[in-house]
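Trainee: Could you take me closely through one part of this model, the nonpolar interior, and then follow the aromatic and polar side chains from there? I would like one connected account.

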Amino acid sequence: MIDVAVAAPAELGECPVWSGAEQVLYWIDIDGRRIHRFDPMSGRDAERTLPGRPGAIGLTPRRGRLLVAVEHQVGQMRWDTGRFEPWVEVEQAGSGNRMNDGRVDPAGRFWVGSMFERPAERRSTGMLHRVDADGTVTTHRRGVGVSNSLAFAPDGATMYWSDSPTATVWSHEYDPSTGQPGASRVFADFSDLPGLPDGACVDVSGAVWIACVMGGALLRFTPAGAVDRVVDLPVASPTMPAFGGAALDTLYVTSIGNAVSASARARGPLDGVVLALDPGVQGLPEPVFAR
């Protein structure tokens, strides 16, 4: 059963993050320049406007205070006031890049990638960065088209990441104590799968759930990289899944509502909504940034 959690369509919905402390789902509308806060108990979805396009968010130790990647920088936003406080410039302003998919690692570091702001031009100017609690930025990869699919295995020893235009998801050996990725291998080849890999999350068994942007589906991969479930969705371009709910047994999925970004056709009636489904498995608690 697939339900609509948030019916008002986003222009470019992304990065759902469940706050266990608040029992709410935070998510973003990149092109709408907004952060949303959905309370499943009341059904209310509230929003705050940002000074630029958010690419990713993360939880912090302070309740109602989010880590936010906006345009070329990372800062924090207080939900009660809606105020965004810049902190670290990750890339140079005016380069044409903007921050995209990101996630806090099990030790509290923030990983965030970037992409050229007009994906139709297919430029590979994006990068992949790690932001530590002291504000140090380490760039781990350059020449990226669209950075996506950041996720970590339950034991923290594997990091997943994709460059969407290459239709490839990689898995890296990962040391949570140092934040250093190690040897990598191709985890999933999307050449014969629907759409391209977008956002991802991991369940308690270590299986990886990946949204198929422009493919209208959600795929579940075993830790070995085999597809063991295909969930067809009523949206053309799902962007990212996230486990939520009191038992972390609801899977929320954001989607693209902008018809130009979603596909060449007119926008469908549900494109841009946030979906909710019962995956039959629990997810992992979202890590908190260490600052």
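**The nonpolar core and its surroundings**

Mentor: In this predicted model, the largest nonpolar core comprises 32 residues, and those with the most contacts inside it are Cys 15, Tyr 26, Ile 35, Leu 50, Ile 57, Val 68 and Phe 110. Strands that each supply at least two residues of this core include S2 (13-19), S3 (24-29), S10 (97-104) and S11 (110-116), while S7 gives the most, with five residues. If we take Ile 35 and leave aside its neighbours within four places in sequence, its contacts include Tyr 26, Leu 50, Ile 57 and Val 68, and also Glu 47 and Arg 48. Apart from this core lies another, of 15 residues, among them Tyr 160, Ala 167, Ala 188 and Phe 190. In soluble globular proteins, nonpolar side chains tend to be buried together.

Arg 103 lies in strand S10 and is buried, because its relative accessible area of 7% is under the 20% limit. One polar atom of the Arg 103 side chain lies 2.7 Å from the backbone oxygen of Leu 150, and the side chain also makes a polar contact, at 3.2 Å, with the side chain of Glu 286. Leaving aside neighbours within four places in sequence, the residues in contact with Arg 103 include Phe 110, Trp 111, Phe 152, Ala 200 and Met 240.

Turning to the rings, the structure holds eleven aromatic pairs. Trp 161 and Trp 170 form a stacked pair, with 5.6 Å centre to centre and 25° between the planes; Trp 161 is buried at a relative accessible area of 1%, and Trp 170 is buried at 16%. Trp 209 and Phe 243, by contrast, form an edge-to-face pair, with 6.2 Å centre to centre and 85° between the planes. That pair links distant parts of the chain, since Trp 209 is in strand S19 and Phe 243 in strand S22 (residues 238-244), 34 residues apart. Trp 209 counts as buried at 0% relative accessibility, as does Phe 243 at 6%. Ring pairs also link Tyr 160, Phe 187, Phe 190 and Phe 221 into a cluster.

Strand S19 leads us finally to a sheet. An open sheet of four strands has the order S18-S19-S20-S21, with antiparallel pairing; strands S18 (196-202) and S21 (227-232) stand at its edges with a single partner each, so one side of each is left without a neighbour in the sheet. Within it, five bridges join S19 (residues 208-213) to S20 (residues 217-221), and Ala 211 stands opposite Leu 218 in S20.

Terms used: Residues numbered from 1 in each chain as written. Predicted model: local features only at pLDDT ≥ 70, side-chain atom pairs only at ≥ 80, totals over all residues. Heavy atoms only, no water. Pairing = 2+ DSSP bridges. Core = buried A, V, L, I, M, F, W, Y, C linked by side-chain atoms within 4.5 Å. Buried < 20%, exposed > 50% of the residue type's maximum accessible area, 1.4 Å probe, protein only. Contact = heavy atoms within 4.5 Å. Polar contact = N/O pair within 3.5 Å; in protein donor to acceptor, adjacent residues only side chain to side chain. Phe/Tyr/Trp six-rings, centres within 6.5 Å; stacked < 30°, edge-to-face > 60°.
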